Amino acid sequence: MKNLDINISNVFPFISKDRFEEYDELTSYHIHQLHQRKGKGANFLGWLDLPSNITGESLREIEEVASELNKKIDVMVVVGIGGSYLGAKAVIDALSNTFGMAINGRPFPKMVFAGQNISEDYLGELVDFLDDKSYAITVISKSGTTTEPAIAFRILRNHLEKKFGKEEAGKRIVAITSADRGALRDLADDRGYKSFVIPDDVGGRYSLLTPVGMLPIVQAGFDIRKLVDGARKMEEMTRPGTPFWENPSAIYAAARNALYRQSPKTEILANYNPKLRYLAEWWKQLYGESEGKEKKGIFPASVTFTTDLHSMGQYIQEGERNLFETVISVLHPQREVCIPREENDDDQLNFLAGKRIDEVNKKAELGTMLAHVDGGVPNILINLPELNEYYLGQLMYFFEKACAISGYLMNVNPFDQPGVEAYKNNMFALLRKPGMEEETEMIYKRLKKKTEKPDM
Ligand code: PA5
């Protein structure tokens, strides 16, 4: 069976091969640091051997809970933000039918997400949508105190309890949180919700292979065992001692780091399949939160081609030369659609007649890559044989491992996110949260000063 592979030949017009070879030793050092738990953030490395450590029993428990819930619902609401929803959303979107049709004729609940914003319109419309549906809630928060999911969960819990009564509502709620900390853990224990634990040593954005990702994915009808198998294969392909040129995560981390040191500060993750849009959102969170600190880090951006060639394409081709591109190319589509021949060729498309849509897409991909490289944009190519659970498992573990190596190459802790607190502190002070009286006074004084007219 083929595996994910990486091609960096279009990086070499921009950095020398000799310089790149220096990363052989460097990445090998950081991979050892990672595995020997000697680097920064070493108490958050539970994800590293998660694929090989997952037991059949833990997977079975997740599958059983999902299947029991699925018997009585037509909609599943997953409440969470950041790492507590993006992994599941990425996999579900990548594998689902674009127009919501059933997979292999089997009915699975419609998956909807909440708690990933504080939009009143979003929540109001969601409640309207759920009014006549049989639904259940999976609420996910490692800290158990994050405001966005907490608000959404309170609103939805109230709605569910009104609709089905407290007892039945309790049977329709699953909480995924820490073993012994946070308001959500207390709530789950007090009210007797079924719950799963997020291990302390696995951070949100690395939590795909814990119940955080697994429960929603299996509820949506996808095979979590294949996802784990794919991740396991990638764990094997990137383990310490693997020669540099055979370790895709080391090559990716090295290429982006070498480019970053040379000049580009923005990486654009491009795909040619709109099903990968949320995979890009997951990747942006993984890299943005892991690297963007201490005034360092590559800014992660994303595009879906060819759609965005008609918007961002202009900038990428001719704008400021401060970026490089990483393309995820899916080699074989799931479907076969050919362009038909027409007798009179009014639309002048007969030169494409008989060709598969994917052939046109692949030529767009190749043509774009050549044009962007000519325009001064280095290109990293990640080939994925197919879009299925197994290769998504490979891809996502590949990115996680590369992200950790990359963070170490930048000498930052890739497993914390201290900067996320700044907005929260201001928001709580503005909302007059008890215990923040001093901050509240200061922030309102500051705002008053800003609006006062300068003395004449
Ligand atoms: O990657 C992370 O750690 C964060 O993005 C968190 O997942 C996010 O902030 C949500 O946190 P929590 O699960 O504690 O609600």
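Tutor: Begin with what counts as near: a residue is near a molecule if one of its heavy atoms lies within 4 Å of it. Keep in mind that this model is predicted.

Student: Which residues come nearest to the ligand here?

Tutor: There are 13 residues around the ligand, and Ser-84, Ser-141, Ser-143, Thr-146 and Gln-285 come nearest. Sorted by class, this shell holds nine polar, three charged and one nonpolar residue.

Student: How do I read a polar contact?

Tutor: Look for a pair of N or O atoms within 3.5 Å. In this model, an N or O atom in the side chain of Ser-141 is 2.6 Å from an oxygen atom of the ligand. Glu-289 has a polar side-chain atom 3.1 Å from a ligand oxygen atom. With Gly-83, a backbone N or O atom lies 3.0 Å from an oxygen atom of the ligand.

Student: How much of the ligand's accessible area does the protein cover?

Tutor: On its own the ligand has 380 Å² of accessible area, and the protein covers 87% of that. The ligand takes up the space of the second largest pocket.

Student: Which domains does the assignment give for the protein chain?

Tutor: Domain 1 is 5-40 + 228-409, and domain 2 is 50-226. Their C-alpha centres lie 29 Å apart. Across the two, 27 residues of domain 1 are in contact with 28 residues of domain 2.

Terms used:
Residues numbered from 1 in each chain as written. Predicted model: local features only at pLDDT ≥ 70, side-chain atom pairs only at ≥ 80, totals over all residues. Heavy atoms only, no water. Polar contact = N/O pair within 3.5 Å; in protein donor to acceptor, adjacent residues only side chain to side chain. Areas by Shrake-Rupley, 256 points an atom, 1.4 Å probe, with all protein chains shown as cover. 1 Å grid on protein atoms, 1.4 Å probe; cavity = no way out; pocket = protein on both sides within 12 Å on 5 of 7 lines; lining within 4 Å. Sits in = over half its atoms within 2 Å of the grid points. Nonpolar A, V, L, I, M, F, W, Y, C, P; charged D, E, K, R; others polar. Domains from an automatic or database assignment. Contact = heavy atoms within 4.5 Å.
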